[in-house]
Amino acid sequence: MQTKILLDEEQIPKKWYNVQADLPSPLDPPLHPQTHKPVGPADLSAIFPMELIRQEVTTDRYVDIPEEVREVFRLYRPSPLYRAHRLEKALKTPAKIYYKWEGVSPAGSHKTNTSIPQAYYNMKAGIERIATETGAGQWGSAMSFATMLYDLECTVYMVRSSYTQKPYRKSMMQVWGAECIPSPSTKTKSGQAVLAKDPDTPGALGIAISEAVEDAASHSNTNYALGSVLNHVCLHQTVIGLECREQLASVDAYPDVVIGCVGGGSNFAGISFPFAGDKLVGKHKDVDILGVEPASCPSLTKGLYTYDFGDEAGYTPLMKMFTLGHDFVPPSMHAGGLRYHGDSPIVSRLVHDGVMRAVAYHQSEVFEAAQTFARAEGIIVAPETSHAVKGAIDEALACKKTGEEKTILFNCTGHGNFDMSAYDAFYSGNLVDYEYPDRLIKEALGRIPKIA
Ligand SMILES: *Cc1c(COP(=O)(O)O)cnc(C)c1O
């Protein structure tokens, strides 16, 4: 009964897998926020290095991972794949549950898989500072770690509600040498505008993105970096799924169900795209791919599949995606990393095409699942991760009813060691299951720009 399935360092993937190569038709291009014409590389070069712009649009099936990046990956990759024997026993399920443990990275989540290559390409392009945003603080800490490795400065705009809820994430950023500012801030025009309207706003990822993009666009030595949503971020995260496929093959297994939580969609993309590719080319037509989102920010389950801005102020290109509207401010909940109004365009397209599907859960039921998982497997997961845990447990319980011995794989994206105040709220009965009334969601959807 093997519990940990490990690979050698030599088996760290040498290439990222690009699912764009296997889509039946190309993605709808991002559009310029004012002209609504497709954006070209020149439009993006003010805030991104050329190599990342190339990776954003390439339809090559594989993209080489630089050896210097693989060298840094050795600090924590390949990450272990666990067979959750104890959880299976606790649930009395005939299903086999596997989880990929990404919490082994120095920052404690999967986000270093993209912060490291992003910092690397920016350093190569001669950039001196990165401006970025962070929701729950995981991306900010992952980027601070990566910029430190390549001697870049780093400014992180952190969503205010998380800044107060999770002060230790800010301290991590300080340890690694970055500057962390609560957003909205008075440092940018977009931050000032939001504060003028609502001085007590909890902030939102869309607002923090506006601030970081504005900062990068107005300083020539500074680029912007995004921790999710974009195609190159999803591409970088495929190291997760590629390793999983190898690890499962080593025990003669292939998943029936692949599960990830969905904020902007990058970890879900990372674990699932290699399997989605197998599905698209007809190799494994039946693999079920499930994204789990919070009921308080239900972009895939209640949003529209349409063009919308990536940020609150409307600075970013318009992307075709599932969205709740760019000015939708999700209630402040504990899974701060899932509080985003939109989703990765590729994940959105695959959900729209029926290659993937999505479900939404409330925070009290996901914390319940996280507790079940911690009491069986030991790991105390991040509130974001607990959505995937809940998805996997529900799939396993469905198998108990039907007697099916499905192989369930889920992405265990990070530890919750800095999220104990959220667990405190769970134990003291202070967790509220926020859900906006459909009327408010409809109003936000009504404010999405109409693109012909
Ligand atoms: C950021 C984060 C997520 C959600 O982001 P995605 O881009 O949707 O993957 C999930 N889990 C953890 C631990 C995170 O830090």
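**Entry 1: the starting point.** I note at the outset that this is a predicted model.

**Entry 2: cavities.** I searched the whole structure and got 5 cavities of 30 Å³ or more. I then took up the largest cavity, which has a volume of about 360 Å³. Its lining counts 32 residues, and I found K111, G227, S228, G264 and G337 nearest the centre. Next I looked up which elements give two or more residues to this lining: they are β6 (129-134), α6 (138-149), α10 (205-217) and α12 (266-280). What classes do the residues of this lining divide into? I wrote down 18 polar, 10 nonpolar and 4 charged.

**Entry 3: the largest pocket.** I moved on to the open spaces, where the largest pocket holds about 550 Å³. I listed 33 lining residues, with P30, L44, E56, L230 and N231 closest to the pocket's centre. Two or more lining residues come from each of α1 (41-44), α2 (50-57), α10, α11 (231-249) and β13 (318-323). Which element supplies the largest share of the lining? I found that α2 does, with 5 residues. Sorting this lining by class gave me 22 nonpolar, 7 polar and 4 charged residues.

**Entry 4: the second largest pocket.** I put its volume down as about 280 Å³. The second largest pocket has 13 lining residues, and those nearest its centre are P33, D43, I47, V213 and Y315. I checked the elements here too, and α1 and α10 are the ones giving two or more residues to the lining. The top contributor is α10, with 3 residues. For the classes I noted 9 nonpolar, 2 polar and 2 charged.

I also traced α10 across these entries: it gives two or more residues to the lining of the largest cavity, to that of the largest pocket and to that of the second largest pocket.

**Entry 5: T323.** Is T323 buried or exposed? I get a relative accessible area of 0% for T323, so this residue is buried. I then asked what T323 touches, leaving aside neighbours within four places in sequence. The contacts I found are G303, L304, T306, D308, H341, G342, L445 and I448.

Conventions:
Residues are numbered from 1 along each chain as its sequence is written. This is a predicted model: local features need pLDDT of at least 70, side-chain atom pairs count only at pLDDT 80 or more; totals for chains, interfaces and linings use all residues. Side-chain values use heavy atoms; hydrogens and water are left out. On a 1 Å grid over the protein atoms alone, a cavity is a set of points where a 1.4 Å probe fits but cannot get out, and a pocket is an open set with protein on both sides within 12 Å along at least five of seven lines; lining residues have an atom within 4 Å of a point. Grid points are joined across faces, edges and corners, and a volume is the space filled by probe spheres set on the points. Helices (H or I, at least four residues) and strands (E, at least two) are DSSP runs, numbered from the N terminus. Ala, Val, Leu, Ile, Met, Phe, Trp, Tyr, Cys and Pro count as nonpolar, Asp, Glu, Lys and Arg as charged, and the others, Gly among them, as polar. Buried means under 20% relative accessible area, exposed over 50%, partly exposed in between (1.4 Å probe, protein chains only). Contact means heavy atoms within 4.5 Å.
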